[in-house]
Amino acid sequence: MEIKPTGPVLGADIVGLDLATPPTTAEFGGILRALGAHGVLRFPAQTFNTDQFAAFGARFGELEVNVANLFHEPGHPEVMILSNILKDGKPIGLGDAGQGWHTDMSYSETISICNILHAQKVPVRDGKPLGDTQFRNLHAAYEDLPDDIKTRLAGRTATHDFAKFWDMMRARPGNTRPPLTEAQRARKPAVSHPIFMTHPITGKKVLYCNVGYAIRIDGMDPAESDAMLDYLFRHQEQEKYLHIHHWTEGDVLLWDNIGTMHNALADYGDIPRYMRRVQVAATADYAAMAA
Ligand code: SIN
């Protein structure tokens, strides 16, 4: 297994692994260390099936069954289908997943260590792949914060709410997401997390407060909280933190859901795109596994 960094901000290719064969403990430790160091890891040309994909995901922690999981692979409620493909006029996947900056599962009591996507179908126009996934580096965003902001927010928490992103998507013209049911809202009540989170692999602080789900800074006057959130959202969206992944079919993309946030670009219309996805809860001792 070889790790080839692909960008100055985030990103590395991991070559020499066929993920259909479970990585050894030593290889897995190397993957975790690379995840901490590079945030977004691409394993090219993977051909494993849904069982093997889910088993690879489960090495990282408990697999989430998404509360609004409308579409999943047969027999695998934890493997979501993200796709714009229609069959008999009906969607076979969630067509607008992730189209807005966010960090998956920051709305959960147990946050997520990583997402893993397997690209089955990548839209292409004039030889150019479409439907990129963009990332921003939240280790760097924390590092760059002015000292007075670090001091003001030290020890503070923010509230994250699943419904914020869902309802934002529903408000877009033509969106077909159904409203969340009362039962779904009750299963994912708003939760608080530290704004400066210590990353379980790197041991360094990250700015853990994403525009997709964060709704307020706890214990702060509402106007001050809105202004501070606005500041943090603008700060972390600077171009210097940006990394873009251009997909190739067969890519497995594994990304850090604590040290990065992401956005799926919707520039492909009805050109077919099909991704399998697992979201992995941070339920393991990553420092020990990466040692
Ligand atoms: C996601 O937010 O997990 C979806 C990303 C993508 O489809 O590119």
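Me: How far does a polar side-chain atom of His102 lie from an oxygen atom of the ligand?

Reply: A polar contact is a pair of N or O atoms within 3.5 Å; within protein, one must be able to donate a hydrogen and the other to accept it, and residues adjacent in sequence count only if both atoms are side-chain atoms. Here a polar side-chain atom of His102 is 3.2 Å from a ligand oxygen. For Asn115, an N or O atom of the side chain lies 3.2 Å from an oxygen atom of the ligand. For His262, the distance from a polar side-chain atom to an oxygen atom of the ligand is 2.9 Å. Taken alone, the ligand exposes 260 Å², and the protein buries 100% of that. Accessible areas come from the Shrake-Rupley method with a 1.4 Å probe; for residues, only the protein chains shown count as cover.

Me: What should I know about the model first?

Reply: It is a predicted model, where local features need pLDDT of at least 70, side-chain atom pairs count only at pLDDT 80 or more, and totals for chains, interfaces and linings use all residues. Residues are numbered from 1 along each chain as its sequence is written, and side-chain values use heavy atoms, with hydrogens and water left out.

Me: Which residues are around the ligand?

Reply: A residue is near a molecule if one of its heavy atoms lies within 4 Å of it. The residues around this ligand include Leu82, Gly98, Asp104, Leu117, Thr133, Trp255, Ala264, Arg273 and Arg277. By class, the shell has four nonpolar, five polar and three charged residues. Ala, Val, Leu, Ile, Met, Phe, Trp, Tyr, Cys and Pro count as nonpolar, Asp, Glu, Lys and Arg as charged, and the others, Gly among them, as polar.

Me: Which strands each supply at least two residues of that shell?

Reply: Strands (E, at least two residues) and helices (H or I, at least four) are DSSP runs, numbered from the N terminus. Here β8 (112–121) and β19 (260–264) each give at least two residues to the shell.

Me: Which cavity does the ligand take up?

Reply: On a 1 Å grid over the protein atoms alone, a cavity is a set of points where a 1.4 Å probe fits but cannot get out; lining residues have an atom within 4 Å of a point. A molecule sits in one if more than half of its atoms lie within 2 Å of its grid points. This ligand takes the space of the second largest cavity. That cavity holds about 100 Å³. It has 13 lining residues, and the closest to its centre are Leu82, Ala97, Leu117, Trp255 and Ala264. Again, β8 and β19 each supply at least two residues of the lining.

Me: How many cavities of 30 Å³ or more are there?

Reply: Grid points are joined across faces, edges and corners, and a volume is the space filled by probe spheres set on the points. The search finds three such cavities. The largest cavity has about 150 Å³. Of its 15 lining residues, Asn66, Leu94, Arg177, Tyr213 and Arg277 are the closest to its centre. Helix α5 gives the most to this lining, with three residues.

Me: What volume does the largest pocket have?

Reply: A pocket is an open set with protein on both sides within 12 Å along at least five of seven lines. The largest pocket has about 400 Å³. Among its 21 lining residues, the closest to its centre are Gly93, Leu94, Gly95, Asp96 and Thr176.
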